[in-house]
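Subject: Handover of a structure

Dear colleague,

Please find below the structure that I am handing over to you. A summary of the findings follows it.

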Amino acid sequence: MISYAPFWKTMEEKGITQYKLIYHYQISANTLQRIKKSQSINTNTLNLLCLILDCGVSDIIEFEKTEEELEYLAQKDCEFEERKQSNKAFRNLSKNK
């Protein structure tokens with residue numbers, strides 16, 4: 001999951017307020033709400049925030065694995081292996097004809 005926890009810390013360190021982002025830099029209030037709710041933002045917005053805050057991407061977002069995501073990935077790995085075995089069996093069957 002992408003976390004915006006570094007964003008709030010970086011804003012505080014740089015002395016930039018939400019008010020300044022909205023009224024001085026024309027960052028939409030909706031974008032800040034999306035960040036607060038840990039929803040996605042586009043890379044152009046991420047780039048603009050890096051420019052405004054004079055920082056790197058890692059000062060705005062970080063990646064944290066969640067149990068749900070790890071379970072999803074394990075399920076997809078299992079499904080892939082099943083498809084692989086199924087395809088292998090099909091190819092062997094086709095060769096024997």
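A residue is called buried when its relative accessible area is under 20%, exposed when it is over 50%, and partly exposed in between. Lys84, with a relative accessible area of 42%, is therefore partly exposed. Please note that this is a predicted model.

Salt bridges

Side chains of opposite charge can pair when their charged atoms come close. The structure contains two salt bridges.

One of them joins Lys84 to Glu81, with a distance of 3.7 Å from N to O. Both residues belong to helix H5 and are three residues apart, which is about one turn of the helix.

Another salt bridge links Glu79 with Lys76, and here the closest N and O atoms are 3.2 Å apart. This pair also lies in helix H5, which covers residues 67-95; because Glu79 and Lys76 are three residues apart, about one helical turn separates them. Glu79 is partly exposed at 25% relative accessibility, and Lys76 is partly exposed with a relative accessible area of 34%.

Negative charge on the surface

A surface patch of negative charge is formed by Glu67, Glu68, Glu69 and Glu71. Glu69 is located in helix H5, and its relative accessibility of 30% places Glu69 among the partly exposed residues.

A buried threonine

Is Thr10 buried or exposed? With a relative accessible area of 5%, Thr10 is buried, because this value is under 20%. Thr10 sits in helix H1, made up of residues 5-14. A polar atom of the Thr10 side chain lies 2.6 Å from the backbone oxygen of Asp59.

Positive phi values

Most residues other than glycine have a negative phi.

Gln26 is not a glycine, yet has a positive phi of about 55°. With a relative accessible area of 60%, Gln26 is exposed.

Ser38, likewise a residue other than glycine, has a positive phi near 55°. At 38% relative accessibility, Ser38 is partly exposed, whereas Gln26 is exposed.

With kind regards

How values were computed. Residues are numbered from 1 along each chain as its sequence is written. This is a predicted model: local features need pLDDT of at least 70, side-chain atom pairs count only at pLDDT 80 or more; totals for chains, interfaces and linings use all residues. Side-chain values use heavy atoms; hydrogens and water are left out. A salt bridge is a side-chain nitrogen of Lys or Arg within 4 Å of a carboxyl oxygen of Asp or Glu. Helices (H or I, at least four residues) and strands (E, at least two) are DSSP runs, numbered from the N terminus. Buried means under 20% relative accessible area, exposed over 50%, partly exposed in between (1.4 Å probe, protein chains only). Patches are made of residues with over 30% relative accessible area and no salt bridge: like charges are joined within 9 Å, nonpolar side chains (Val, Leu, Ile, Met, Phe, Trp, Tyr) within 5 Å. Accessible areas come from the Shrake-Rupley method with a 1.4 Å probe; for residues, only the protein chains shown count as cover. Lys and Arg count as positive and Asp and Glu as negative; His and the chain ends are not counted. The place of a charge is taken as NZ of Lys, CZ of Arg, CG of Asp or CD of Glu. A polar contact is a pair of N or O atoms within 3.5 Å; within protein, one must be able to donate a hydrogen and the other to accept it, and residues adjacent in sequence count only if both atoms are side-chain atoms.
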